[in-house]
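Open the model in your viewer and keep the sequence panel beside it. The stops below go from the whole chain to single residues.

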Amino acid sequence: LHPLVLVGVALGALSYLLDPYAGSAQTVAAGRFMLALAMGLLVIPTWPMPNRWTDTHPFNGPCWSLFQEYCGNLAYAFVLRRLPTRWLGLVALGFAMPLAWAALTYGTLDLGSAWESWQGAPLRMGFSFTAGLWLFRVRDQISLPQLGFLPLSAVLSLLVICPLWPELGGIKLNGAYEAACVIVAFPLIILAGAHSAAGRGLDALC
């Protein structure tokens, strides 16, 4: 993966330097530019660059997510794979609570790519990564209905096409809905899918 990261950051830096439409909006000191480039090549967050909003990775925006994945993989290599299943579940629960708080505070889980919401990134990665590991370990211990591919796809579609919810009585309902989807609904869909078969017709179609 990392060679593509290097290419993406290099292209992003070139586009930043050579943008014919930016005028003076992207004028920056050479030292600051080179340091941001070096940190970008290492997928490390850096301070915002002019005309790049408040992105934590100004030369390649999606690297904010890749940085979290790198952290998750390092955590797995050194700690998480050695944890007993019960402790792994407790770690996932420990991430779920602040993740729900962030969703209710911001009204969304679309967090982490910019400095004003940077704390949402490790919460998103921390819960989904550890919950995924826990689900993999306990998948044969939890019995769920075998709904099959099409019903589960329909449920997932209904969840993701739901419109934004308003704020009601000081509670940001959209944040509550997104937290419920991520923490409860999506793991249940994954578990149900793990116990389901597509069927001959869908297997042939796939």
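Helices and strands here are DSSP runs, numbered from the N terminus, with at least four residues (H or I) for a helix and at least two (E) for a strand. With that numbering, select the loop between α2 (30-41) and α3 (63-78), where Asn60 sits. Keep in mind throughout that this is a predicted model.

Start with Asn60. Its relative accessibility is 18%, and since buried means under 20%, Asn60 counts as buried. Show its surroundings and leave aside the neighbours within four places in sequence: Asn60 is then in contact with Val5, Gly8 and Val9.

Move back along the loop to Asn51, which is also found between α2 and α3. Phi of Asn51 is near 70 degrees, a positive value in a residue that is not glycine. Is Asn51 buried, partly exposed or exposed? With a relative accessible area of 45%, Asn51 is partly exposed.

Next select Trp53, again in the loop between α2 and α3. Trp53 is not a glycine either, yet its phi is positive, at about 50 degrees. The relative accessibility of Trp53 is 70%, and Trp53 counts as exposed.

**The whole chain**

Zoom out and colour by secondary structure. The chain has eight helices and two strands, and along the sequence they follow the pattern α-α-α-α-α-α-β-β-α-α. The C-alpha trace spans about 60 × 45 × 40 Å along its principal axes.

Of the 206 residues in the chain, 33% are buried. If you draw the contacts between residues at least 6 apart in sequence, 66% of them join residues at least 24 apart.

Now select the charged side chains. There are 10 positive and 9 negative ones, and the centres of the two sets are 13 Å apart.

**Gly89 in α4**

Select helix α4, residues 85-106, and pick out Gly89 within it. Gly89 has a relative accessible area of 18% and is buried.

**The α6 and α7 pair**

Select helix α6 (residues 149-160) together with helix α7 (residues 173-194). Their axes come within 11 Å and cross at roughly 170 degrees. How are α6 and α7 oriented to each other? Angles over 145 degrees count as roughly antiparallel, and α6 and α7 are therefore roughly antiparallel to each other.

Show the side chains where the two helices meet. From α6 come Leu152, Val155, Leu156, Leu158 and Leu159; from α7 come Tyr177, Cys181, Ala185, Phe186, Ile189, Ala192 and Gly193.

End at Leu152, in helix α6. Leu152 has 10% relative accessibility and counts as buried. Which residues is Leu152 in contact with, leaving aside its neighbours within four places in sequence? They are Leu147, Ile189, Ala192, Gly193 and Ser196.

Technical notes
Residues are numbered from 1 along each chain as its sequence is written. This is a predicted model: local features need pLDDT of at least 70, side-chain atom pairs count only at pLDDT 80 or more; totals for chains, interfaces and linings use all residues. Side-chain values use heavy atoms; hydrogens and water are left out. Buried means under 20% relative accessible area, exposed over 50%, partly exposed in between (1.4 Å probe, protein chains only). Contact means heavy atoms within 4.5 Å. Lys and Arg count as positive and Asp and Glu as negative; His and the chain ends are not counted. The place of a charge is taken as NZ of Lys, CZ of Arg, CG of Asp or CD of Glu. Axes are lines fitted to C-alpha atoms, for helices over the stretch in contact, and angles run from 0 to 180 degrees between N-to-C directions. Angles under 35 degrees count as roughly parallel, over 145 as roughly antiparallel, 65 to 115 as roughly perpendicular and the rest as oblique.
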